[in-house]
Amino acid sequence: MRHTLRLPLLDQPGSRVSYVAGIDFSTQAVDVVLLDEDDVLAPVWHRTILDGPDAFTRTRDLRGQHLLYPHDWDDLLAVGIEDPAGKHAIRAIARVQGAVLAHIPDGLMVKPWAPSEWRRTCGLKGNCSKDDVFAFAMEQINRWHNTPDAWPMYVPMDATDAYAIALATRQAITREQAA
C-alpha cells in the first residue's frame with residue numbers, strides 16, 4: 001500500500017525540479033520526504049507500507065515497490081538516510097536499510113545520518129525525543145497548511161523524521177556549495 005501527498009503542486013508541467021530526499025524506515029514502512037532545493041515548494045511525503053506476516057517477509061516486499069512514485073530517482077540531487085543504531089531488532093532494521101539502499105541508483109549522493117547528527121544539523125538537541133522532532137517538523141510543515149493539499153492531521157513520527165533528515169541533507173549540501 002502506498003500513500004503519497006504532494007503539497008502543493010507548484011512545479012509546472014515540463015519544468016524540472018530538483019529535490020533532496022530524506023528517508024526513515026522501520027520494519028513496517030518506509031517514509032520518504034522530498035524537499036526542493038530552493039525551498040519554494042511544499043514537502044512531498046511518500047509512505048510505503050510493507051506487507052507480510054513478519055519483518056523478513058515485509059523486507060522482501062520492498063523489492064517490487066517504487067518508493068518515490070510518481071517521482072523518479074532522476075529528480076534527486078541527494079538522499080539522506082537514517083543510519084540506525086540501537087540494541088533492539090537491529091538485524092531486522094539493517095535488512096530494511098539494505099533493501100532501501102538497493103533502490104538508490106549508483107552515482108546519486110547518499111548521506112547516512114546518525115540520529116543525533118541529523119537532529120543537531122536541524123538545530124535540535126542530538127538526544128531530543130521523537131516528540132520534539134515531530135513538533136519541530138510539523139511547525140516547519142505547517143507553513144504550507146494554508147494550501148488545499150495540507151498534510152493530514154495524523155502524520156507518523158517516521159514521516160517527520162524523514163522530513164528532518166531531508167532538511168539536514170539539504171543544509172549539508174548548501175554548506176558544501178558555499179564552501
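**Figure 1. Confidence of the predicted model along the protein chain.** The mean pLDDT of the protein chain is 85. Of its residues, 84% reach 70 or more. Over residues 1-14, in contrast, the pLDDT is below 50. Where pLDDT is low, the predicted coordinates should not be read in detail.

**Figure 2. Helix α2 and its buried face.** Helix α2 comprises 14 residues, numbered 90-103. From its first C-alpha to its last, the helix reaches 20 Å, close to the 20 Å expected at 1.5 Å a residue. The buried residues of α2 are A92, I93, V96, Q97, A99, V100 and H103. Seen down the axis of α2, these buried residues fall within an arc of 160°, so they line one face of the helix. An α-helix has 3.6 residues a turn, so residues three or four places apart point the same way. On the other side of α2, R91 and A102 are exposed.

**Figure 3. Packing partners of helix α2.** The buried residues of α2 pack against several elements of the structure. Strands β2 (19-25), β3 (29-36) and β5 (76-82) are among them, together with helix α1 (55-61).

**Figure 4. Strand β3 and its covered residues.** Strand β3 is mostly covered, with eight of its eight residues buried. From this strand, A29, D31, V33 and L35 point one way. V30, V32, L34 and D36 point the other way, and the residues of both sets are buried.

**Figure 5. Pairing of β3 with β2 and β4.** Strands β2 and β3 run antiparallel and are joined by seven bridges. A hairpin of three residues connects β2 to β3. Within this pairing, I23 stands opposite V32 of β3. Strand β4 (residues 44-49) also runs antiparallel to β3, to which six bridges join it. In β4, H46 is the bridge partner of V32.

**Figure 6. Helix α4 and its buried residues.** Helix α4 holds 12 residues, 130-141. At 1.5 Å a residue, the helix should span 16 Å, and its end C-alpha atoms are 16 Å apart, which agrees. Within α4, the residues V133, F136, A137, M138 and I141 are buried.

**Figure 7. Cysteines C122 and C128.** A search of the whole structure finds zero disulfides. The sulfur of C122 has its closest cysteine sulfur in C128, at 9.1 Å, which is too far for a bond because a disulfide requires sulfur atoms within 2.5 Å. C128 is likewise in no disulfide, and the sulfur of C122 is the nearest cysteine sulfur to it. C122 is buried, with a relative accessible area of 10%. C128 also counts as buried, at 10% relative accessibility.

How values were computed:
Residues are numbered from 1 along each chain as its sequence is written. This is a predicted model: local features need pLDDT of at least 70, side-chain atom pairs count only at pLDDT 80 or more; totals for chains, interfaces and linings use all residues. Side-chain values use heavy atoms; hydrogens and water are left out. Helices (H or I, at least four residues) and strands (E, at least two) are DSSP runs, numbered from the N terminus. The expected span of a helix is 1.5 Å times one less than its number of residues. Buried means under 20% relative accessible area, exposed over 50%, partly exposed in between (1.4 Å probe, protein chains only). pLDDT is the predictor's confidence in each residue, from 0 to 100. Contact means heavy atoms within 4.5 Å. The arc is that of the directions from the helix axis to the C-beta atoms. Two strands pair if DSSP finds at least two bridges between them.
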